[in-house]
Amino acid sequence: MTLQEYDYVRESPSKLAASCLLLALTMKNLGGWTPTLEYYSGYCSKDLHPLVKRLNFLLTYQPCDKLKAVRNKYSHRVFFEVAKVTPMDMLQLEERLRRC
């Protein structure tokens, strides 16, 4: 979804990928950012928090209703219907991010 948003162009692909992973781990309650993830990604958890919050906001508030291709694609069962996953409440997300 970030491919359709100009606001994410300035983010490095590695930081964007790491933030997406942290958001997914947090949303699914699969643990936090481990030392191994920090070592291989080069990012500590606190560096990713602002971008994780922006990504969750992007999932919560769809800015353009015309661009539906990505959402439709990832709503299919082949992709495990990940586009249908409910975004986290921002307060709950902040609480979980403080713990990791």
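Trainee: Which residues of H3 are buried?

Mentor: Keep in mind that this is a predicted model, where local features need pLDDT of at least 70, side-chain atom pairs count only at pLDDT 80 or more, and totals for chains, interfaces and linings use all residues. Residues are numbered from 1 along each chain as its sequence is written, and side-chain values use heavy atoms, with hydrogens and water left out. Helices are DSSP runs of H or I, at least four residues, numbered from the N terminus, and buried means under 20% relative accessible area with a 1.4 Å probe, protein chains only (exposed is over 50%, partly exposed in between). On that basis, the buried ones in H3 are Ser-45, Leu-48, His-49, Leu-51, Val-52, Leu-55, Asn-56 and Leu-58.

Trainee: And which helices do the buried residues of H3 pack against?

Mentor: Contact here means heavy atoms within 4.5 Å. By that test, the partners are helix H1 (13-27) and helix H5 (90-99).

Trainee: Where does H3 bend?

Mentor: For a bend, you take the angle between axes fitted to the seven residues ending at a position and the seven starting there. In H3 that angle is about 30°, and the position is Leu-51.

Trainee: Are H1 and H3 roughly parallel or roughly perpendicular to each other?

Mentor: Axes are lines fitted to C-alpha atoms, for helices over the stretch in contact, and angles run from 0 to 180 degrees between N-to-C directions. The two axes come within 8 Å and cross at roughly 75°. Under 35 degrees counts as roughly parallel, over 145 as roughly antiparallel, 65 to 115 as roughly perpendicular and the rest as oblique. So H1 and H3 are roughly perpendicular.

Trainee: How many nonpolar residues does the contact of H1 with H3 have?

Mentor: Nonpolar covers Ala, Val, Leu, Ile, Met, Phe, Trp, Tyr, Cys and Pro; charged is Asp, Glu, Lys and Arg; the others, Gly among them, are polar. Among the contact residues are Leu-16 and Leu-23 of H1, and Leu-48 and Val-52 of H3. Alongside 4 polar and 2 charged residues, the nonpolar count is 11.

Trainee: Which residues in H5 does H1 meet?

Mentor: H1 and H5 pack at about 105° with axes 10 Å apart, which makes H1 roughly perpendicular to H5. From H1, the residues involved are Leu-22, Leu-23, Thr-26 and Met-27, and in H5 they meet Leu-93, Arg-96 and Leu-97.

Trainee: What covers the buried residues of H1?

Mentor: The buried set in H1 is Leu-16, Ala-18, Ser-19, Leu-22, Leu-23, Leu-25 and Thr-26. Their cover includes H3, H5 and helix H2 (35-41).

Trainee: Is Glu-11 buried or exposed?

Mentor: Glu-11 sits in the segment before H1 and touches Leu-51 and Arg-54, leaving aside residues up to four places away in sequence. Its relative accessible area is 17%, so Glu-11 is buried.

Trainee: And Arg-99, buried or exposed?

Mentor: Arg-99 belongs to helix H5. With a relative accessible area of 61%, Arg-99 is exposed.

Key
Helix = DSSP H or I, 4+ residues; strand = E, 2+ residues; numbered from the N terminus.
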